[in-house]
Amino acid sequence: MFFKHIYDTSLAQGSYLIGCQAKGEAIVIDAKRDVDTYLEIAKENNLKITHITETHIHADFLEGSRELAEITGAQLYLSDEGGADWQYEFPHEGLKHGDKIQVGNLTLEVIYTPGHTPESISFLLTDHPASDEPVMIFTGDFVFVGDIGRPDLLEKAAGLTGTQEKGAHEMYRSVQDFSKLPSHIQVWPGHGAGSACGKALGSVPSSTVGYEKIRNWAFRYENNEDGFVEYLLEGQPEPPKYFAMMKKLNKIERPLLTEVPKHAKLSETEFLKKYNDGIKVIDTRNKVEFAKGFIPGSINIQNNKTLSTWAGWLLNYDEDFVIVAAEEEMDEITRKLMRIGLDRIAGFISDVNLPGIELQKADVMGIEEFKTYLGKEEVQIVDVRGKTEYEEGHVEGAENVFVGTLQQNLDKISKERQVVIHCQSGDRSAIAYSVLRRNGFNNVKNYSGGMKEWREKENPVIS
């Protein structure tokens, strides 16, 4: 058996290429959209991708299954569980509980595991030349290392009222069934630490059924379904705005993108025309470089592992945008954005020093200056972290306006008072600062050290 775990750190998302080397056949589970990765792995190992499958209709990334099928001619195998409202709306081979996919000498048995979504399935793998006992289970967003999938996304992200309670009870039953599997079976989930598909995912890439029964909180409620549901639903992070679009695009027919696009470097004239016409500018430089001088109206989303997530919060799917980035970073940035369907890049520039544009500078402060603004009526302190983080501990007097929804809550920010923003360690407040400046808030300061520095200096925290 050939086995490869492909992990996208930008979305904390895992996919898998598993092959039978004797027969030269392979299956890909939960493919990301830049599918050249799988083609290269298969070619290097003398395998042909003959089967493609998914664990469920994902909300956090745009599946590349159809792109991969278009290129390879492989058959798509997708869940037909969950009822009429949860069916994929494009051609595929339907899967039900107990069905089996044969890939050479390997068998993947379908296990129906609803809860995260109504159609969610897992795959129990048996490597027959080695044993007739199953050795691995691919759980998607059902069981993670140390956590389980959240059942509230359909309600919070897609607006389907009443689904989170039902999903939580379904998840309880799925967990009880999972606990009956042999302890030796390896667990390979769809996400790791950093994903918004759970609240306490571990950073170790895999586990076993036995280990999860020992250390995963979800297995401590064997006879307490109500307690399980209550704990599962409380404290879940805000689902990114783009999740609703992913649920839609992963279910319906859509245009395919079978190659990673190459984007043009814009001349000064080309950029200035687009800029003067009002195009959105996303500056992916480091927050320190951005603060030294940025194009007025540009939004600072750094090219790090959270670029995709924040772009999904702040960009619309019907608008073009220009990137500020070094040329050598554009392939990486393009991949990160196409993985959530943000394809409307209208070119890029690498130098912000352009004729006719007077750069702005960010007003960044340290902790001692920050202290001088506390408790003053003429100052508004805004904590742009998530609600759960804020409730766990915040600076006295700070108001909470989450950076992801800041554009929809500008009425909560004062234009008369001095505004001071902060987050945990400066990245999110850099985004928030740029959003506020873009929207005409000029009396803004950024305490970049944030709650991390505040706690380290043993300052008081309200919880």
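Trainee: What should I keep in mind about the model before we start?
Mentor: This is a predicted model, in which local features need pLDDT of at least 70 and side-chain atom pairs count only at pLDDT 80 or more, while totals for chains, interfaces and linings use all residues. Residues are numbered from 1 along each chain as its sequence is written, and side-chain values use heavy atoms, with hydrogens and water left out.

Trainee: OK, how many salt bridges does the structure hold?
Mentor: There are 30 salt bridges, where the term means a side-chain nitrogen of Lys or Arg within 4 Å of a carboxyl oxygen of Asp or Glu.

Trainee: Where do Arg 339 and Asp 34 sit in the chain?
Mentor: Their side chains form a salt bridge at 2.8 Å, N to O, and the pair links distant parts of the chain, 305 residues apart. Arg 339 is in the loop between helix H11 (330-338) and strand E16 (345-349), whereas Asp 34 is in the loop between strand E3 (25-29) and helix H1 (36-44); helices (H or I, at least four residues) and strands (E, at least two) are DSSP runs, numbered from the N terminus.

Trainee: Are those two buried or exposed?
Mentor: Both Arg 339 and Asp 34 are buried, and here buried means under 20% relative accessible area, exposed over 50%, and partly exposed in between (1.4 Å probe, protein chains only).

Trainee: And what about Glu 368 and Lys 371?
Mentor: Their side chains meet in a salt bridge at 3.8 Å, N to O, and both residues lie in helix H12 (residues 367-371), 3 residues apart, which is about one turn of the helix. Glu 368 is exposed, at 55% relative accessible area, while Lys 371 is partly exposed, at 33%.

Trainee: Which residues is Ser 122 in contact with, leaving aside neighbours within four places in sequence?
Mentor: Among them are Glu 109, Val 110, Ile 137 and Phe 142, with contact meaning heavy atoms within 4.5 Å. Thr 113 is also one of the contacts, and the side chains of Ser 122 and Thr 113 make a polar contact at 3.1 Å, that is, a pair of N or O atoms within 3.5 Å, of which, within protein, one must be able to donate a hydrogen and the other to accept it, and residues adjacent in sequence count only if both atoms are side-chain atoms.
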